[in-house]
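This briefing goes through one protein chain by topic. Please keep the sequence and the structure in view while reading.

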Amino acid sequence: NKVQQKPLVEQTMLICYDEVVDLFNIDMSAPSGLSWKKKPNKFANDIVGKPAGKLTKDGYYQIPLGGVRVHNHRVLFVLYTGEDLSDEYQIDHADGNRGNLEEINLRKCSHSENSQNAKTRVDNKLGIKNVYQEKGGTFCVSVQKDGKRESVYGVKTLEEAKLLAKSMRSRLHLSFNVDER
């Protein structure tokens, strides 16, 4: 007997201001930046006034909302702006510190923009964003935005490559430009 499986349907999560403003208070004394304003369901006893969410392995707090868990900074962004938020957008921490939940540090962005603000990867052998060494000893600078990659090959020195990467990031990434973290 074969069990027929239903195809997976990709669902988008819309965080609605009207829903979260009734459930949460912005509370910077709580680790997640949020505390419960009212009970989310009849089973949640003694929760009002207490910190909302649980810390996960990725270092973010997740908040139960509509049967799923969402990152706390997404809920905070909605509360700060009064704007509904769908999954097509990410929330970027402008300073790169996921623990900084202040309004000025959270901004709506695309996946591409959020990637531009990422730290230098730990497996980066040179420790310089967007630069790698070619087989002949020269360097390549490669910067991507919105799925389009711009590369310059044959850069003679590491210092030249570093300056070129900084210039390219500044031109392409605009306000999401981060030199090194």
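Confidence in the chain is lowest in helix 3 (residues 111-116), at a mean of 82, and highest in helix 2 (residues 72-81), at 97. These values are pLDDT, the predictor's confidence in each residue, from 0 to 100. Helices (H or I, at least four residues) and strands (E, at least two) are DSSP runs, numbered from the N terminus. The model is predicted: local features need pLDDT of at least 70 and side-chain atom pairs count only at pLDDT 80 or more, while totals for chains, interfaces and linings use all residues. Residues are numbered from 1 along each chain as its sequence is written, and side-chain values use heavy atoms, with hydrogens and water left out.

**Confidence**

- The chain has a mean pLDDT of 86, and 90% of its residues reach 70 or more.
- Residues 6-11 have a pLDDT below 50, and beyond near neighbours in sequence this stretch has 1 contact in the model; contact means heavy atoms within 4.5 Å.

- An open sheet is formed by 3 strands in the order 8-9-10, with antiparallel pairing; two strands pair if DSSP finds at least two bridges between them.
- Strand 8 (131-133) and strand 10 (148-155) are the edge strands, and each pairs on one side only.
- On average, neighbouring strands of this sheet are turned by 20° against each other, direction ignored.
- Strand 8 is joined to strand 9 (residues 139-145) by 3 bridges, and Tyr132 stands opposite Cys140 in strand 9.
- Helix 4 (residues 158-173) lies across strand 8, strand 9 and strand 10 and runs at about 10° to strand 9. Axes are lines fitted to C-alpha atoms, for helices over the stretch in contact, and angles run from 0 to 180 degrees between N-to-C directions.

**Two hairpins**

- Strand 3 (residues 54-55) and strand 4 run antiparallel and are joined by 2 bridges; Lys54 has Gln62 in strand 4 as its bridge partner.
- These two strands form a hairpin with 5 residues between them, and Gly59 in the turn has a positive phi of about 90°.
- Strand 4 is also joined to strand 5 (residues 68-71), by 4 bridges, and the two run antiparallel. The bridge partner of Leu65 in strand 5 is Val68.
- In the hairpin of strand 4 and strand 5 there are 2 residues between the strands, and Gly66 in the turn has a positive phi of about 60°.

**Nonpolar cores**

- A nonpolar core is a set of buried Ala, Val, Leu, Ile, Met, Phe, Trp, Tyr and Cys residues joined through side-chain atoms within 4.5 Å. Buried means under 20% relative accessible area, exposed over 50%, partly exposed in between (1.4 Å probe, protein chains only).
- The largest core has 23 residues, and Val20, Phe24, Leu34, Leu65 and Val75 have the most contacts inside it.
- Helix 1 (17-23), strand 2 (34-36), strand 4 (61-65) and helix 2 each give two or more residues to this core; the largest share, 6 residues, comes from helix 2.
- Leaving aside neighbours within four places in sequence, Val20 is in contact with Ile15, Leu65, Val75, Val78 and Leu79.
- A second, separate core has 10 residues, including Val141, Val143, Val155 and Ala165.

**The aromatic pair**

- The structure holds 1 aromatic pair. Rings of Phe, Tyr and Trp (its six-membered ring) pair if their centres lie within 6.5 Å; planes under 30 degrees apart count as stacked, over 60 as edge-to-face and the rest as tilted.
- The ring centres of Phe24 and Trp36 are 4.7 Å apart and the planes are at 40°, so the pair is tilted.
- Phe24 is in strand 1 (residues 24-26) and Trp36 is in strand 2, 12 residues apart; both Phe24 and Trp36 are buried.
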